[in-house]
Amino acid sequence: MASAPSKLYADDVSLVVVLLDTNPFFWSSSSLSFSQFLSHVLAFLNAILTLNQLNQVVVIATGYNSCDYVFDSSSDLNRSFENGRMPVMCSSLLQKLEEFLIKDEQLSKEEPEGKVKSSLFSGSLSMALCYIQRVFRSGALHPHPRILCLQGSPDGPEQYVAIMNAIFSAQRSSVPIDSCYLGSQNSAFLQQASYITGGVHHKPQNLDGLFQYLMTIFATDLHSRSFIHLPKPVGVDFRASSVFGQAQSEAASASDKKRKTPET
Amino acid sequence: MASTHVTKRAKYKTTIKDPGTPGTLRMTFEKILFVPHNPKSAGKLDVEFRYIKGQKHTKEGSNKPPWLNLTNNQNGSFIFEFENYSDLQECRDFVGKVLAKGGEVSEKPTVAYPDEQLSAAEMELRIKLLQEDSELQKLHKQFVLSGVLTETEFWATRKKLLDREVSKKTKQRLGFKSAMISDIKPSTDGRTNKVTFNLTPEVILQIFAEKPAVHRAFLSYVPNKMSERTFWTKYFRAEYLHSTKNSIAAAAEAAEDEELAVFLKQDDILASEAQKKIRRVDPTLDMEADEGDDYTHLPDHGIFREGNKEMTESQNELYKRSLSQDINRHAAVVLEGRAVDVELEDTKAVAEALAQSKQKSSNKGESDGDISRERLDRLSRMTEIEDLQGPNTLPLAPLCIKDPRDYFDSQQANALRTSGDALGGIEQIKCGLSTQEVYGSLRESISSIKAMGLKEPIVKPEVAHQVFDALTNSISNTKYHIGKNPQESVLDRLPRKTKEELLHHWTSILELLKHFWASYPITTTYLYAKVNRLKDAMSNIYPQLEEIKGSVPSELRHQVSLLVRPMHQALDAAIQHYEASMQKRSAQSGERPNGYV
């Protein structure tokens with residue numbers, strides 16, 4: 001990605017692709033309710049759009065059976081939904097989200113018991129990368145893209161290969177993947193994604209203050225990250241998906257943490 | 001009748017004048033043991049045969065008593081007086097045998113411990129590897145020279161390194177020279193009309209390889225019927241006759257001298273070999289040999305020329321040889337490659353070596369019965385007409401592809417279980433709700449937020465303040481501890497010496513653990529001793545690690561202890577296992593009455 005074209009834009013113009021986890025199984029058992037979550041996120045999206053006039057936001061819903069674009073700030077269709085209580089942008093997003101959920105429910109089929117209910121993270125990641133590629137090819141002037149994942153569902157090990165492929169292609173196109181994990185355990189995939197692509201990973205301790213987390217950490221544009229300190233994890237869980245061997249304990253030994261170990 | 005030892009009653013004298021201490025002399029292949037009858041006397045002797053240089057003895061017919069004098073390589077001598085001469089004879093024979101063998105086996109080390117025998121090449125290889133890799137050298141110095149591991153154990157795990165080196169050194173076999181031997185010009189002496197040929201073993205090998213009839217003649221005639229010199233004289237006479245292309249004179253001389261005839265005639269061995277090759281060939285495909293190879297007795301090499309149908313049949317045909325035959329044969333032998341790889345000292349050795357190699361190759365091709373059966377099988381298979389064959393329905397195993405998700409999901413369940421996270425269980429339970437219900441609840445949330453608008457306020461001020469505080473604290477802490485760059489490694493921030501020491505400790509711990517865990521289960525005393533040695537070495541590492549921790553400035557101490565923790569864990573696990581197995585052993589051995597461990 002050449003830096004010369006962006007000189008025509010100010011350095012801090014950004015395109016944020018937000019991957020929203022809409023896995024109903026996760027949200028039905030989460031301490032944070034989906035409506036509260038949505039209010040945090042919608043306010044956050046608004047804030048990003050106010051940071052710079054040229055900022056763009058794209059929202060992709062990561063469902064259980066499918067993924068779809070639910071919002072694009074640069075599109076003109078946002079004007080059509082008027083609702084006295086909500087800002088215009090939000091109401092169109094919510095409308096699309098509802099439609100998406102209806103479609104997703106129709107796609108659901110009989111699942112065996114005890115299966116891990118993970119969302120289609122790899123699918124939405126790939127869709128985000130495709131959108132960003134289109135932006136790259138749209139011309140000389142484009143904002144700096146980055147991806148923000150708001151995930152709570154557990155990792156689906158069958159998606160490991162697809163997710164790693166997406167991560168590496170994001171790394172090649174210099175697209176950082178930020179991730180905010182809302183679930184109760186740790187997500188190795190998100191940690192690896194952020195580590196490899198140079199993004200930020202954080203697991204908020206207090207979900208009531210989610211908006212504050214989002215504003216402090218994830219609103220920073222790429223240019224400012226060179227001088228704003230963002231939280232860094234002490235160690236990254238580099239365990240490959242548990243297909244590759246015995247899963248180790250959560251209190252991961254330091255050998256899993258990011259560290260240079262000599263090869264034997 | 002070969003015996004492995006000899007035991008005789010004898011007296012041991014240090015000098016001739018010494019009356020001698022009576023005792024028992026026992027000789028084995030390795031050493032001589034003399035034990036006096038009286039345990040208090042000082043004449044006990046235990047000498048290895050390696051040191052014995054020679055033997056002398058007194059003659060039977062003389063009046064002297066039967067003495068055997070063994071001299072060692074420091075010019076000392078051991079004199080044994082036997083009861084009679086037959087004893088002396090036996091001992092003499094035995095010593096003679098051992099001394100004769102001693103010439104051969106002097107390089108063999110004593111069989112005291114089960115070490116491998118290293119050739120000089122392997123030693124060199126190991127030294128070279130050690131010189132190239134300083135890490136390996138440090139490990140070697142640390143463990144082998146201090147006695148924790150033996151050489152064999154150290155190199156046993158590195159066989160791949162040694163093999164790779166060895167394979168680089170395979171020698172190339174030189175082939176024959178391309179120049180034809182008939183081009184070797186003798187030196188002629190015009191005055192005395194003598195022609196001198198210079199024969200080297202190399203040339204002789206080539207001659208034998210190209211002309212198997214000559215080879216056969218050599219093996220049968222020399223040295224029984226004629227000397228080697230005569231043989232070669234006749235051979236060169238034959239060559240001379242050929243070069244003159246005077247087949248009439250050749251026939252005449254051949255009639256006189258039958259040995260010469262052998263050299264002048266066509267090489268029948270070649271002919272029979274070619275025919276054998278043809279018979280072996282599978283007519284379905286192989287182009288290896290065909291009738292054209294047996295060209296030596298066909299006029300014009302089997303190529304029919306128009307207008308030249310007159311064939312002069314005379315008995316002189318037999319003695320004609322053409323240049324093209326020679327060239328073809330020479331080329332075939334050169335391309336085949338060298339079959340004999342030994343040192344060529346003299347003609348006899350050359351001839352025998354070549355005969356041996358031919359024997360070997362013909363043995364390989366033998367067992368005609370099998371070959372012909374194989375050929376028939378192949379023929380029948382190749383000439384099958386597929387349309388006329390019956391259907392061959394081989395029993396097929398049905399393909400059984402399982403859903404890979406089953407495996408993945410069970411692994412994930414394992415992961416959740418072993419991670420010991422109670423919440424995971426709860427989450428699983430709650431997902432017992434039906435899909436309809438969960439989707440319904442989600443959509444309800446959306447409708448509620450549509451109706452109510454965004455939460456007011458989005459976030460409570462106290463909560464926001466808390467979050468902000470916590471974040472800034474943690475950010476500043478980690479920055480202090482780890483550094484700005486997430487890709488940066490902790491090791492790089494340590495002083496270089498500490499980093500190297502830590503890495504070296506890591507590799508040496510791995511080496512020790514490798515050998516430690518490989519020795520379990522303990523079945524021999526050797527392994528037991530080895531495990532003890534390893535455990536001692538491992539216990540010595542703990543204080544060294546503590547020292548490193550202490551030497552580092554205090555702000556890095558936490559990082560170093562994080563790095564050192566897995567080393568501790570690995571060592572602890574090994575030592576725990578060791579102690580548990582020791583306990584088990586002592587518990588077991590308590591039951592054994594005779595204290596057997």
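At what angle do helix α5 and helix α6 of chain A pack, and how many Å apart are their axes? In this predicted model, α5(A), residues 160-172, packs against α6(A) at an angle of about 20°, and the axes are 9 Å apart. The two helices are therefore roughly parallel, since angles under 35 degrees count as such.

**Helix packing**

- The crossing of α5(A) past α6(A) is right-handed.
- On the α5(A) side, the residues that meet α6(A) are A:Y160, A:I163, A:M164, A:I167, A:F168, A:A170 and A:Q171. Their counterparts in α6(A) are A:F189, A:Q192, A:A193, A:I196 and A:T197.
- An α-helix has 3.6 residues a turn, so residues three or four places apart point the same way.
- In chain B, helix α21 (residues 525-551) and helix α22 (residues 554-589) have axes that come within 10 Å and cross at roughly 155°. Because angles over 145 degrees count as roughly antiparallel, α21(B) is roughly antiparallel to α22(B).
- The crossing of α21(B) and α22(B) is left-handed.
- Helix α6 of chain B (residues 201-210) has 8 of its 10 residues buried, so it is largely enclosed by the rest of the structure. The buried residues of α6(B) are B:V203, B:I204, B:L205, B:Q206, B:I207, B:F208, B:A209 and B:E210.

**The sheet of chain A**

- Six strands form an open sheet with mixed pairing, in the order β3-β2-β1-β4-β5-β6. Its edge strands are β3 (67-72) and β6 (201-202), each of which pairs on one side only.
- Strand β1(A), residues 14-21, is parallel to β2(A), and 7 bridges link the two. In this pairing A:V16 stands opposite A:V57 of β2(A).
- Strand β2(A), residues 56-62, pairs with β3(A) in the antiparallel sense over 5 bridges. The two strands form a hairpin with 4 residues between them, and A:V59 has A:F71 of β3(A) as its bridge partner.
- In a regular strand the side chains alternate between the two faces of the sheet.
- Both faces of β2(A) are covered: A:Q56, A:V58, A:I60 and A:T62 are buried on one side, and A:V57, A:V59 and A:A61 are buried on the other. With 7 of its 7 residues buried, β2(A) is thus largely enclosed by the rest of the structure.

**The sheet of chain B**

- Seven strands make up an open sheet with antiparallel pairing, in the order β4-β3-β2-β1-β7-β6-β5. Strands β4 (45-48) and β5 (52-57) stand at the edges with a single partner strand each, so one side of each has no neighbour in the sheet.
- On average, neighbouring strands of this sheet are turned by 30° against each other, direction ignored.
- Strand β1(B), residues 5-13, and strand β2(B), residues 21-28, run antiparallel and are joined by 8 bridges. B:Y12 has B:T21 in β2(B) as its bridge partner.
- Strand β2(B) is joined to β3(B), residues 31-36, by 5 bridges in an antiparallel arrangement. These two strands form a hairpin with 2 residues between them, and B:L25 stands opposite B:F34 in β3(B).
- Strand β3(B) is in turn joined to β4(B) by 4 bridges, also antiparallel. Here B:F34 stands opposite B:L45.

**Nonpolar cores**

- The largest nonpolar core has 55 residues, and those with the most contacts inside it are A:F37, A:F44, A:L45, A:V59 and A:L150. Helix α2(A), residues 34-51, gives the most to this core, with 9 residues.
- Apart from this core lies another, of 41 residues, including B:V144, B:F154, B:F516 and B:L563.
- Beyond its neighbours within four places in sequence, A:V59 is in contact with A:V18, A:L20, A:L45, A:D68, A:Y69, A:V70, A:F71 and A:L93.

**Overall make-up of chain B**

- Chain B has 22 helices and 9 strands, and 32% of its 597 residues count as buried.
- Among the contacts in chain B with a separation of 6 or more, 56% are between residues 24 or more positions apart.

Methods: Residues are numbered from 1 along each chain as its sequence is written. Chains are lettered from A and ligands numbered from 1 in the order in which they are written. This is a predicted model: local features need pLDDT of at least 70, side-chain atom pairs count only at pLDDT 80 or more; totals for chains, interfaces and linings use all residues. Side-chain values use heavy atoms; hydrogens and water are left out. Two strands pair if DSSP finds at least two bridges between them. A nonpolar core is a set of buried Ala, Val, Leu, Ile, Met, Phe, Trp, Tyr and Cys residues joined through side-chain atoms within 4.5 Å. Buried means under 20% relative accessible area, exposed over 50%, partly exposed in between (1.4 Å probe, protein chains only). Contact means heavy atoms within 4.5 Å. Axes are lines fitted to C-alpha atoms, for helices over the stretch in contact, and angles run from 0 to 180 degrees between N-to-C directions. Angles under 35 degrees count as roughly parallel, over 145 as roughly antiparallel, 65 to 115 as roughly perpendicular and the rest as oblique. A crossing is left-handed if the near helix is turned anticlockwise from the far one by less than a right angle, and right-handed if clockwise.
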